[in-house]
Amino acid sequence: MNILTDKNIKHIVESLYKSNLSESISIMEVCGTHTMAISKYGLRQIIPETINLISGPGCPVCVTPASDIDTILEITENYDISLFTFGDMLHVPGSRSSLYNKKSEGKDINICYSPLDALNFAKQNPSRKVIFLAIGFETTIPLTSVVIKRAYTEKINNFFIYNVHKLIPEALETLLKDERIKIDAFLCPGHVSAIIGSTHYNLIAEKYKIPCVISGFEPFDILESIDMIIKQIKNNKHEVQIQYNRVVREEGNPFAIKLIYEIFDKTDSIWRGLGNIPDSGLKLKEDFLEFDAKIHFPVKKIRSKEPPGCQCGDVLKGIKKPFECGLFSNICRPDNPIGPCMVSSEGSCAAYYRYEQLKV
Ligand code: SF4
């Protein structure tokens with residue numbers, strides 16, 4: 001598919017070439033859907049070489065640390081529970097096994113498309129203890145909140161969540177403080193920003209003097225957002241702009257935000273590759289601790305380790321591109337993933353493997 005036949009796209013690409021940047025700039029996208037779209041439509045290959053698109057920690061499966069995978073595996077090993085999770089999580093390797101392996105061994109592990117599936121299963125099977133592995137950024141947290149609220153109201157006492165939800169804005173600041181990473185601008189996530197709005201990025205744009213543009217997901221959206229960033233850089237500006245204005249409002253979705261903080265409080269959270277980030281995670285408020293799987297199913301801590309040779313940590317920080325990992329494509333492939341970035345449908349390594357192998 002040659003997207004340059006679209007005259008709007010051709011026009012925006014021409015504008016990028018006319019910008020004549022004197023030095024190379026790095027734009028980080030922090031949304032796995034952007035990562036996939038950039039690779040799928042070959043956007044890296046049609047823009048000037050001076051614009052370096054790097055991927056950040058925008059894939060929730062990828063940033064879930066091995067310690068959480070190991071803990072949930074221990075829970076399945078030690079308790080007779082029914083676990084529900086989104087499909088990608090099944091194949092993410094922990095230190096010793098994966099949920100897929102546990103399922104093959106006969107553990108009751110199920111793929112679901114919504115936490116409501118897990119809650120409904122719990123209601124229909126009151127003798128089973130049901131855990132939903134609650135993963136995702138601000139986009140998916142409101143739905144987990146709805147489910148907890150419903151379980152609380154309906155007094156469902158066999159439903160729990162293992163919570164690994166994470167918040168994006170706090171991670172961006174951590175990346176900017178790391179001197180090994182060169183980030184000149186952020187291509188901000190469209191879905192997350194539909195919930196949180198644009199004001200969260202003001203502090204980042206102001207403090208670190210970098211442009212932030214909230215982008216949609218079509219090739220034209222992404223290219224136009226890059227063009228908006230370049231124009232800011234050329235004009236010495238560092239503002240927050242909303243390209244995806246057909247969906248994202250400055251104030252976000254106040255109803256969804258209220259829902260999140262009715263159920264959760266902010267807390268520190270460990271991200272794969274980025275370590276502990278203050279206030280980048282959520283914990284259940286005291287009234288809802290009865291649903292916390294970490295409290296109800298304690299397990300001994302095991303010493304977690306990253307897969308040998310896997311560079312996911314550096315890939316998630318934009319320090320390395322997937323093909324710079326020695327395992328990429330020869331050993332680590334979607335049919336034999338060594339790290340989470342090759343497992344997830346939003347992972348950078350999977351994106352490069354599927355769409356960019358012949359282009360690098
Ligand atoms: S190619 Fe595989 S092993 Fe290397 S960083 Fe990516 S997921 Fe990890």
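Reader: Which residue in E11 is the bridge partner of Phe264?
Author: This is a predicted model. Strand E10 covers residues 264-271, and E11 covers residues 275-284. The two run antiparallel and are joined by seven bridges. The partner of Phe264 in E11 is Leu284.

Reader: Which residue takes a positive phi in the hairpin of E10 and E11?
Author: Three residues lie between the strands of this hairpin. A phi near 85° belongs to Gly273.

Reader: Are the planes of Tyr79 and Phe297 edge-to-face or stacked?
Author: The ring centres are 5.1 Å apart. Planes over 60 degrees apart count as edge-to-face. Those of Tyr79 and Phe297 stand at 75°, so the pair is edge-to-face.

Reader: How many residues apart are Tyr79 and Phe297?
Author: Tyr79 lies in the loop between helix H5 and strand E3. Phe297 lies in the loop between helix H14 and helix H15. The pair links distant parts of the chain, 218 residues apart.

Reader: Is Phe297 buried or exposed?
Author: Buried means under 20% relative accessible area. Phe297 has 4%, so Phe297 is buried.

Reader: Which residues touch the most other members of the largest nonpolar core?
Author: That core has 89 residues. The residues touching the most other members are Ile131, Phe159 and Phe186.

Note on methods. Residues are numbered from 1 along each chain as its sequence is written. This is a predicted model: local features need pLDDT of at least 70, side-chain atom pairs count only at pLDDT 80 or more; totals for chains, interfaces and linings use all residues. Side-chain values use heavy atoms; hydrogens and water are left out. A nonpolar core is a set of buried Ala, Val, Leu, Ile, Met, Phe, Trp, Tyr and Cys residues joined through side-chain atoms within 4.5 Å. Buried means under 20% relative accessible area, exposed over 50%, partly exposed in between (1.4 Å probe, protein chains only). Two strands pair if DSSP finds at least two bridges between them. Helices (H or I, at least four residues) and strands (E, at least two) are DSSP runs, numbered from the N terminus. Rings of Phe, Tyr and Trp (its six-membered ring) pair if their centres lie within 6.5 Å; planes under 30 degrees apart count as stacked, over 60 as edge-to-face and the rest as tilted.
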